[in-house]
Amino acid sequence: MLKKLGNIAALAAGLFALAAPVAAAELTGVTDTEIHIGQWGPQTGPAAPWGSVARGTGMLFQMINDAGGIHGRKIVYHMFDDQYNPAKTVAGVKELVEKAPGVFGFASGVGTSPGLAVKDYLMERGIPWVGPAAGSLHWITPPQKALFSLYPLYADEAKLLVRQLVEKEGKKKIAILHASDEYGENGHRGAVQEMQRLGLKPVAEVPVNQADRDLKSHVLLLKESGADAVLMWVNPTHAVITLKTAAALQFAPQWATSSTLSDAPLMQTISGGLWKNILFASFSELPDADTPQMKQYREAFAKYAQKGERWGVFFMAGIGFVEPMVEGLRRAGRNLTRESFIAAMETIRNYKGILGTVNFGPGQRQGAKEIFLARTDDSGTKITQLTPWAEVK
Amino acid sequence: MDMKRSYYEDLRLFDTLPLGLWLVAATVALAAAPFLLGNYVLYVLGYIAINVIVAIGLNVLVGYTGQISLGHAGFFAIGAYATVLLANVGLPILLALPLAALIAAAFGFLLGLPALRLEGPYLAVVTLGFGLAVENIFAKASVFGGATGPAVPGFGVTFLPGFSREQNLYVLIVATAGLSLLAVRNLIRTRVGRAFIAIRDSDVAASCAGVDLTWYKTLAFAVSAFFTGLAGGLFAFHLGQVDPTSFNLMLSILFLAMVVIGGVGSILGPVLGAVAISLLNLKLKGLKMADFEQIPLAGPDIAAFLGRHFMETGMANIQFIVYGTILVLIMLFEPLGLYGLWIRGKRYWRTWPF
């Protein structure tokens, strides 16, 4: 009996010992020599192709550290796999924030629902978060002090595409194929608004469900509508099925699609060579763009990239969404606090990295609004930029 | 497993005095936790406790009544949505939670009806269809908030002045888990529980002995759905968000795995299973090459082997191999699950060192 009571006492003591180090001072993730920054991103599971965003950020930080860091501090990067599962995002974020030395802030992070699950937690604590990798209105309605959004709005992309189709390419009958989720609805809404402005109506509006794998009826609706152009606001799998089905039905309109399908080499591969003459919107420079910055990144990629990595749009997005954060850290100077960082972020005007021009300011939290249109050629391998970087008015 | 020598022994709430003492110790430790532990640990404990509620609820169906369900993510989703929607129309959360659980129970009752005529794989397919249907209905219908789900209201319950949202939530979740455990333990000792067990052992024999199969089978589904719905409601607040795609088939399978890994047909088993699966779920995510190097003796060789045969970008998938291996090893060496380990450990210490 006594022995058993002893066991209980030992267990209780153990639990208290576990608990002891918690009541420490607030962790800021900044030491004399280090800045700790976190990011979540699906490395496994169905959303894993988007995981290269987090690895792109890793390369950017590596470049910065090898060039001497920021004001004498190296960036320590904590990336974790959340499998696009919000319950895991929350666990990972809380762990990073609360385990010494904490994290200074979060860079990018893929997904609307993983991001939404941690937004309040981060904002209540004033932890900076820059450049969520999802085009959602949730980040800026209402604007949050510590959250800096960079992903241009899906609705703007749709508007620009419609404008191009109608005004430059003389298309009159435009149909919309869209995913029945937030992403698809935003594109759908933007396109319909722009058509109204131009005195047009979509000839067909066809939703696609996440679980659909046979899109024949969808494509038949598009074909029967007599559309000469189709706005395709779906995920990569559905885009490929749509093109294959359309090819089988000998339906060949002008396809136009969003920035989420802007990785043309990837789309060309998985569609088996059907990704030809596609009009698409883009929020980042093209992978082979000839700017000095892009050359520098491509050289770094050749040097740092791990086996199996690919220089594609998502990897680049991981750089582009985080460049302004690095700029903010530089501007905040040696005396880095969360307040000084946020103040420094608000001074960023006309900053040009991989994304369009970035402008933040007091109360202004949507930094990048510029996008441009591009088109793949008949071979599907060469991409031409059609319009200059511009904000959609 | 444990020999019972009289009916009274079978009726006791706690089998032995030490067990009671251990429970008291665990209760004290859990009660002290919100004062001592940080937000992250409370989140993990809450996540585990929610899974414990589901596992003991599912165990009523699988372990005690011998029915199978691959659709419990559906009840979990119904609980989550109903709680949030009821709270959004102004109902207090403490009222919305049990009400939502009752709604889930009603659906459990409905799903129990086909179970009267179906068994084994056939029942598995029916419940599977139920789970998939629920997921899709919530994701597609705009009344339920569509793809991003309805907005979850603030958690306005305060148990102690000065407690943060996380501390208050922890108290509610862990207390609910404790009460659920007690409720299921009690249920199994009653006439109803015995009827469940009789059906599991042989439904024909049970029927001959006067057990009303229609009533008790559907009741088992309803009870099981009640606890799962309760857990779903807590989960909505725990996460602060309801995402319809997270209530998928994988979740149903994980729930079932918790019960089987833990040990079907016991009270402690599903608890152990829920703890184990939850921790594996949360902790394996960060597995890196460097972790393998730390394995004693063969570490560097294993890491080198993995480096040769895995692309760095695919390394993260190793977690599934480790995860699967752990589950297979548990079932291979201890078919009774973690509860079996516990029983064996207890026997060993009882006779040791004599």
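## Strands around β8 of chain A

In this predicted model, A:I176 has A:L231 in β8(A) as its bridge partner. The two strands concerned, β6(A) and β8(A), run parallel and are paired over 5 bridges. On its pairing with strand β9 (residues 254-257) of chain A, β8(A) is again parallel, here with 4 bridges. One of the residues involved is A:V230, whose bridge partner in β9(A) is A:W255. To get from β8(A) to β9(A) the chain passes through helix α8 (residues 236-248) of chain A, and this β-α-β crossover is right-handed.

## β6 and β7 of chain A

Strand β6 (residues 174-179) of chain A also pairs with strand β7 (residues 204-208) of chain A, in the parallel sense and over 5 bridges. Within this pairing, A:A175 stands opposite A:A204 in β7(A).

## The five-stranded sheet

Another part of chain A holds an open sheet of 5 strands with parallel pairing, in the order β2-β1-β3-β4-β5. Its edge strands, β2 and β5 of chain A, each pair on one side only. Inside the sheet, β3(A) and β4(A) run parallel and are joined by 2 bridges. A:A107 has A:V130 in β4(A) as its bridge partner.

## Chain A overall

Chain A contains 13 helices and 13 strands. Its radius of gyration is 23 Å, close to the 21 Å given by the globule rule for 393 residues, so chain A is as compact as a globular protein of that length. The C-alpha trace of chain A spans about 85 × 55 × 40 Å along its principal axes.

Buried residues make up 48% of the 393 in chain A. Of the contacts in chain A between residues at least 6 apart in sequence, 69% join residues at least 24 apart.

## Backbone exceptions in chain A

Most residues other than glycine have a negative phi, and most peptide bonds are trans. Chain A has a cis peptide bond between A:A100 and A:P101, with omega about 0 degrees. A:P101 sits in the loop between α3 (86-98) and β3 (105-107) of chain A. A cis peptide bond also joins A:T141 to A:P142, with omega about -10 degrees. The loop that holds A:P142 runs between β4 (129-130) and β5 (147-148) of chain A.

A:H71 is not a glycine but has a positive phi of about 50 degrees. A:H71 belongs to the loop between α2 (52-66) and β2 (74-80) of chain A, and counts as partly exposed because 13 C-beta neighbours lie inside 10 Å. A:N277, which is not a glycine either, has a positive phi of about 50 degrees. The place of A:N277 is the loop between α9 (264-270) and β10 (279-282) of chain A. With 13 other C-beta atoms within 10 Å, A:N277 is partly exposed.

## Contact between chains A and B

The contact involves 38 residues from chain A and 35 residues from chain B. On the chain B side, the elements giving two or more residues are α2 (17-36), α3 (39-64), α6 (120-140) and α15 (318-333) of chain B. Which of them gives the most? That is α2(B), with 7 residues. By residue type, the side of chain B that touches chain A divides into 19 nonpolar, 12 polar and 4 charged residues.

## Helix α12 of chain B

Helix α12 (residues 268-283) of chain B has 16 residues and reaches 22 Å from its first C-alpha to its last, close to the 22 Å expected at 1.5 Å a residue. Its buried residues include B:G269, B:P270, B:V271, B:L272 and B:I277. The buried residues of α12(B) pack against α3, α11 (249-262) and α16 (338-351) of chain B.

Terms used
Residues are numbered from 1 along each chain as its sequence is written. Chains are lettered from A and ligands numbered from 1 in the order in which they are written. This is a predicted model: local features need pLDDT of at least 70, side-chain atom pairs count only at pLDDT 80 or more; totals for chains, interfaces and linings use all residues. The radius of gyration is taken over C-alpha atoms; the globule rule is 2.2 Å times the number of residues to the power 0.38. A residue is buried if 20 or more other C-beta atoms lie within 10 Å of its own, exposed if 12 or fewer, and partly exposed in between; C-beta atoms are placed from the backbone. Two residues are in contact if their C-beta atoms, placed from the backbone, lie within 7 Å. Two strands pair if DSSP finds at least two bridges between them. Ala, Val, Leu, Ile, Met, Phe, Trp, Tyr, Cys and Pro count as nonpolar, Asp, Glu, Lys and Arg as charged, and the others, Gly among them, as polar. The expected span of a helix is 1.5 Å times one less than its number of residues. A crossover is right-handed if, with the strands pointing away from the viewer, the path from the first strand over the helix to the second runs clockwise.
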